[in-house]
Amino acid sequence: MDLNDIPVRQVSGVSALKAGELHAFGVFTVNDLIEYYPYRYEDYRLRSLTEAKDGDKITVQAKIMGIPVLQRYGKKSRLTCKMVAEDWMFTATWFNRHFLREELTAGREIILTGKWDMRRSQLTVSDSEFPDKGTLRSGSLQPVYSVGGKITQAWIRKTIGQALLQYGEMIPENLPPELLREYDLMPRRRAIQRIHQPQDSEEGQLARRRMVYEELFLFQLKLQAYRAMNHDRMDGVQHELENATIREFVRSLPFELTDAQKKVELEILQDMRSPYCMNRLLQGDVGSGKTVIAAIALFAAVKSGHQGAFMVPTEILAEQHVRSLTKLFEPFGITVGLLTGSVTGRRRKDLLASLQMGMTDIIVGTHALIQEDVFFRSLSLVVTDEQHRFGVNQRSILRRKGFNPDVLTMTATPIPRTLAITAFGDMDVSTLSERPKGRKPISTYWVKHGMMDRVLGFISREVLLGRQAYLICPLIEESEKLDVQNAIDLYVGMQQAFPDFKVGLLHGRMTAAEKDEVMRAFYDNEVQLLVSTTVVEVGVDVPNATLMIVMDADRFGLSQLHQLRGRVGRGEHASYCVLIADPKSEVGQERMKVMTDTDDGFEVARRDLELRGPGDFFGTKQSGVPEFRIADMVSDFKVLEASRDDAARLVGDPSFWTSPQYAPLRSYLQREQILQGELID
Ligand SMILES: Nc1ncnc2c1ncn2[C@@H]1O[C@H](COP(=O)(O)OP(=O)(O)OP(=O)(O)O)[C@@H](O)[C@H]1O
């Protein structure tokens with residue numbers, strides 16, 4: 001019997017009510033319960049008073065010396081009693097434990113845990129036990145769990161202990177012996193038992209080490225198995241590409257590809273030619289030229305007789321891409337359509353019909369693009385933005401729709417290696433490691449609000465040189481309304497400050513048509529200063545803009561600031577980013593410093609990870625970065641890397657799919673719906 005199949009109610013002491021409470025913690029089965037790990041331990045090991053420092057929390061064994069004294073103050077009470085431990089006389093004090101008075105008889109042994117006040121020779125007791133009654137906690141490390149509601153620390157300890165008693169013998173090993181040997185890992189049964197009931201902290205650490213490895217290894221196994229199967233399926237579209245045709249298109253581009261772009265182009269075209277489904281991540285710093293790579297891939301799909309979809313996070317970006325792709329593709333007779341929430345009615349109907357008949361070759365739009373009532377004649381390539389990263393499930397939705405396109409995911413957020421192999425471990429990764437030639441570094445300044453006058457002078461200077469500027473208003477997450485009001489106020493202020501310039505305004509509450517008009521005017525340099533909320537954050541490309549000013553910059557995350565800064569420095573002119581902020585916290589100041597220190601996105605991302613911790617990195621829950629129960633992506637990074645290599649090696653070995661010793665891992669994959677019953681023996 002699998003512990004995953006035994007409901008937690010079967011553990012004695014778990015009532016229906018308690019089971020309901022446990023569900024809120026994600027605990028449904030016995031396995032969930034025994035894998036509900038403590039996040040730290042409370043130390044109840046006996047110590048000697050001579051070693052204890054003032055203020056320490058300690059546990060000591062003592063003998064009761066005097067007669068207890070009880071004082072009551074209304075409902076509250078204070079109980080004191082003289083004790084001796086190793087010839088050391090002290091006073092033990094309990095608050096609101098009047099009922100203990102009867103038990104405190106002179107000469108009796110007692111174990112006390114509490115805070116030691118050395119100066120007054122006094123211990124404020126939080127826990128006490130009598131050895132003659134049998135001890136529960138004393139002498140051990142007690143696990144501390146995350147609890148709440150009706151689930152108390154004491155109850156969960158007892159219940160997990162009970163589960164281990166009832167089912168401990170049934171805990172199976174799931175890692176193959178060669179890995180246990182290689183890393184000298186504790187067997188699973190012992191590790192689980194010890195993690196909840198360690199005898200000493202070394203043992204607790206060893207148990208944790210084993211479970212961390214297991215957790216990361218299983219996670220990587222999922223990704224690697226998915227990836228391996230994907231490569232084996234051979235049911236992707238095998239694009240037939242003439243080199244000469246692709247070359248002709250590349251020659252028509254207004255610039256020469258960088259070496260990095262050429263390399264990535266080759267990787268992608270090779271995937272597209274192959275019979276398996278491409279699942280590739282293209283990462284590059286802001287402005288490194290990812291879009292043109294997407295264009296080449298889309299061109300290749302169409303020239304092989306299929307269609308392509310380009311999914312982007314905002315309507316503004318969709319419009320921008322339609323404009324630039326149309327320009328590039330028109331000479332080659334390739335048609336580009338736009339599908340966003342604002343395309344409705346007749347226009348939408350016609351577009352969908354034309355897609356289904358294959359008259360529209362490429363469709364650019366937001367997420368709805370590949371869902372619902374959208375049908376293609378032959379979709380063979382989906383280019384998507386990181387924010388729309390397809391999970392394993394979404395990919396199977398695509399499959400069920402009857403096509404099996406190649407997927408190219410682009411990310412504008414350089415991802416530190418740690419996260420890349422975690423969140424995107426099932427993908428092949430291409431990296432654009434250089435920006436186009438001739439780009440000057442972006443100079444970044446951090447100034448206080450008091451220097452706004454100088455900033456205005458800076459804007460004026462750049463605009464008079466023929467350049468353009470962005471002015472970004474802070475984002476107030478709780479209130480879009482306030483956000484918009486802020487933007488409007490700033491817009492009015494700028495119009496007054498610069499009566500000779502044209503100032504534009506962009507925010508989330510404007511209609512798509514209004515936004516598009518403002519953006520178009522900015523592209524065409526009819527607007528010189530664009531006051532905007534973060535809607536311009538991702539992907540907007542106006543090479544003549546050279547000045548990015550961010551108000552209250554400390555309200556933004558580092559990667560967001562880097563994205564915003566990436567809106568400038570996209571052409572031949574020197575560019576500047578000015579961060580206006582008076583951060584109060586140290587982290588806030590540190591963030592500003594990171595931005596002025598470097599304009600390398602990978603470095604920013606690395607520092608961001610350090611400052612924020614990984615859970616927060618992508619800012620959203622749907623980031624695809626998993627939450628681990630016990631592992632920590634930063635401190636357990638080495639294990640993460642090792643487990644990735646181990647998992648990849650294992651799934652690459654044909655015996656993994658057949659040999660009985662890997663059966664527990666295969667059933668794990670099946671339970672996680674990676675195998676979906678396909679490859680299991
Ligand atoms: N090889 C190149 N030489 C010169 N300019 C280039 C080259 N490749 C791309 N560009 C130009 O550089 C600018 C930035 O490219 P692109 O918009 O593709 O960047 P990106 O990587 O998508 O950046 P972001 O993530 O910031 O949106 C564009 O104006 C593009 O036309």
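1. The second largest pocket lies between domain 3 (243–273 + 288–411) and domain 4 (443–598), because both give residues to its lining. The domain bounds come from an automatic or database domain assignment. A pocket here is an open set of points on a 1 Å grid over the protein atoms alone, where a 1.4 Å probe fits, with protein on both sides within 12 Å along at least five of seven lines; lining residues have an atom within 4 Å of a point.

2. The model is predicted: local features need pLDDT of at least 70 and side-chain atom pairs pLDDT 80 or more, while totals for chains, interfaces and linings use all residues. Residues are numbered from 1 along each chain as its sequence is written, and side-chain values use heavy atoms, without hydrogens or water.

3. The second largest pocket has 43 lining residues, of which F255, T291, D541, P543 and R570 are the closest to its centre. By class, the lining has 19 nonpolar, 12 polar and 12 charged residues (Ala, Val, Leu, Ile, Met, Phe, Trp, Tyr, Cys and Pro count as nonpolar, Asp, Glu, Lys and Arg as charged, the others as polar). α10 gives the most to this lining, with 8 residues (helices are DSSP runs of H or I, at least four residues, numbered from the N terminus).

4. In the largest nonpolar core, of 42 residues, M272, F310 and F329 touch the most other members. Such a core is a set of buried Ala, Val, Leu, Ile, Met, Phe, Trp, Tyr and Cys residues joined through side-chain atoms within 4.5 Å, buried being under 20% relative accessible area with a 1.4 Å probe, protein chains only. α9 gives the most to this core, with 11 residues.

Conventions:
Buried means under 20% relative accessible area, exposed over 50%, partly exposed in between (1.4 Å probe, protein chains only). Helices (H or I, at least four residues) and strands (E, at least two) are DSSP runs, numbered from the N terminus.
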